[in-house]
Amino acid sequence: MAAGAVLAAAVSVACVGPAASDDHTFAGSTPVDTALYNDPNLLARAAARQDHRFDSIAKTPQAKWFTDWSTADTAQNDVARYLAGADAANAVPTVVLYRIPERDCGSWSSGGAADEQEYKKWIDGVAAALKGHKEAIVILEPDALPEVGQCDQGDRVGMLRDAVDVLSRTGARIYIDAGHENWWSAAQIAERLKKVGVDKVAGFSLNVSNFYTTNGEVRYAENVRSQLSQLGVSNAHFVIDISRNGGGPQSDTCNPPGARLGHAPQLFEGGALDGLLWVKNPGETDGPCRGAPAGWSAQEALRLLGQLGQAGR
């Protein structure tokens with residue numbers, strides 16, 4: 001397995017609240033003090049320059065999403081530029097790859113590469129940039145594996161398997177997205193993870209852009225690991241998105257009004273939990289729903305902060 005000792009970070013950010021029912025104590029996992037990268041090009045940082053109510057979001061390290069703005073021709077340079085920034089800051093970067101054909105099956109986050117050939121070329125470019133960056137954390141295709149077969153999406157399992165194979169040779173820490181505790185049973189998602197080659201990479205990610213509590217997702221992750229072990233895959237590690245789980249599970253997943261920020265991100269070593277991360281960028285919407293546009297929304301950011309309706313800066 002590609003998983004080695006993980007870099008870890010304790011990031012303290014003012015005004016970032018605790019997730020519901022989470023105590024941040026996990027058996028075998030120990031925080032280690034290394035910085036996570038805070039991308040200067042985040043929309044939240046631009047917003048905070050105009051309105052300081054967004055400072056706590058802007059100052060929190062979070063992932064960089066590589067989507068349709070990054071093409072097969074530009075992928076290598078796009079990712080390399082981001083990694084160079086992290087290197088210069090002596091910080092751990094978090095990359096999200098979100099461009100598989102028919103991603104989100106035409107829902108709020110629809111899009112993706114035009115076809116399998118373009119996607120493969122795009123992944124090749126990403127891999128070229130990642131090669132040798134052993135500290136980099138990579139979240140591979142949120143929701144893609146749980147959504148297999150839910151729309152006309154070509155050979156999605158094959159595309160994911162090929163992407164895992166290529167990315168596994170970069171040395172980066174690759175986590176295949178596996179949805180969340182309320183999507184597929186641990187046994188079902190373990191079978192899917194096995195099919196796409198989770199044994200070749202660090203492990204899997206959970207709760208990306210979702211709202212389930214950290215403790216609940218940790219319990220689910222351990223069940224997935226148990227099922228993987230029965231399939232011959234030992235020592236799979238995992239990371240969890242906690243960026244918006246401070247209000248607990250939500251009945252709607254597109255800009256839900258009850259969502260709140262989670263704990264500040266944290267990396268760990270010594271156990272199967274490698275990180276509690278801000279993968280989804282708070283304040284950037286889930287799509288054009290509930291009156292919010294696609295992209296940055298001051299309204300959604302203030303709601304997550306529990307400040308909606310407060311005047312002034």
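Reply: This is a predicted model. Asp 68 forms a salt bridge with Arg 99, and their closest N and O atoms are 3.2 Å apart.

Me: Which parts of the chain does the pair of Asp 68 and Arg 99 link, and how many residues apart are they?
Reply: Asp 68 belongs to the loop between β2 and α3 (75–88). Arg 99 belongs to the loop between β3 and α4. The pair thus links distant parts of the chain, and the separation is 31 residues.

Me: Is Arg 99 buried or exposed?
Reply: Buried means under 20% relative accessible area. Arg 99 has a relative accessible area of 5%, so Arg 99 is buried.

Me: Which parts does the pair of Arg 103 and Asp 68 tie together, and how many residues apart are they in sequence?
Reply: The side chains of Arg 103 and Asp 68 meet in a salt bridge, at 3.4 Å from N to O. Because Arg 103 lies in the loop between β3 and α4 and Asp 68 in the loop between β2 and α3, the pair ties together parts whose separation in sequence is 35 residues.

Me: Is Arg 103 buried or exposed?
Reply: The limit for a buried residue is under 20% relative accessible area. Arg 103 has a value of 9%, so Arg 103 is buried.

Me: Which residues are linked with Asp 68 in a network of salt bridges?
Reply: Asp 68 pairs with Arg 99 and also with Arg 103. A search of the whole structure finds 17 salt bridges. The residues linked with Asp 68 in the network are Arg 99, Arg 103 and Glu 118.

Me: Where do Lys 120 and Asp 124 lie, and how many residues apart are they?
Reply: The side chains of Lys 120 and Asp 124 meet in a salt bridge at 3.3 Å, N to O. Lys 120 is partly exposed because its relative accessibility is 46%, and Asp 124 is partly exposed because its relative accessible area is 32%. Both residues lie in helix α4, and about one turn of the helix separates them, that is, 4 residues.

Me: Which residues gather with Glu 116 in a patch of negative charge on the surface?
Reply: Glu 116 is located in helix α4 (residues 116–130). Its relative accessibility is 40%, so Glu 116 counts as partly exposed. The residues that gather with Glu 116 in the patch are Asp 115, Asp 155 and Asp 162.

Me: Which strands are the edge strands of the open sheet?
Reply: The open sheet is formed by 9 strands with mixed pairing, in the order β1-β8-β9-β7-β6-β5-β4-β3-β2. Each edge strand pairs on one side only, and these strands are β1 (30–31) and β2 (64–66).

Me: Which residues of strand β4 are buried on its two sides?
Reply: Strand β4 (residues 137–140) has both of its faces covered.

Me: Which residue in β5 stands opposite Val 138?
Reply: Strand β3 (residues 94–97) runs parallel to β4 and is joined to it by 4 bridges, with Val 95 standing opposite Val 138. Strand β5 (residues 173–177) also runs parallel to β4, again with 4 bridges. The residue in β5 that stands opposite Val 138 is Ile 174.

Me: Which residue in β7 stands opposite Phe 204?
Reply: Strand β6 (residues 203–206) and strand β7 (residues 237–241) run parallel and are joined by 4 bridges. Opposite Phe 204 stands Phe 238.

Me: What is the phi of Glu 141?
Reply: Most residues other than glycine have a negative phi. Glu 141 is found in the loop between β4 and α5 (156–168), and its relative accessibility of 1% is why Glu 141 counts as buried. Although Glu 141 is not a glycine, its phi is positive, at about 50°.

Me: What is the phi of Ser 209?
Reply: Ser 209 is found in the loop between β6 and α7 (214–230). Ser 209 is buried because its relative accessible area is 18%. Ser 209 is not a glycine, yet its phi is positive, at about 60°.

Notes. Residues numbered from 1 in each chain as written. Predicted model: local features only at pLDDT ≥ 70, side-chain atom pairs only at ≥ 80, totals over all residues. Heavy atoms only, no water. Patch = residues over 30% accessible without salt bridge, like charges linked within 9 Å, V, L, I, M, F, W, Y side chains within 5 Å. Areas by Shrake-Rupley, 256 points an atom, 1.4 Å probe, with all protein chains shown as cover. Salt bridge = Lys/Arg side-chain N within 4 Å of Asp/Glu carboxyl O. Lys, Arg positive; Asp, Glu negative; His and termini not counted. Charge placed at Lys NZ, Arg CZ, Asp CG, Glu CD. Buried < 20%, exposed > 50% of the residue type's maximum accessible area, 1.4 Å probe, protein only. Pairing = 2+ DSSP bridges.
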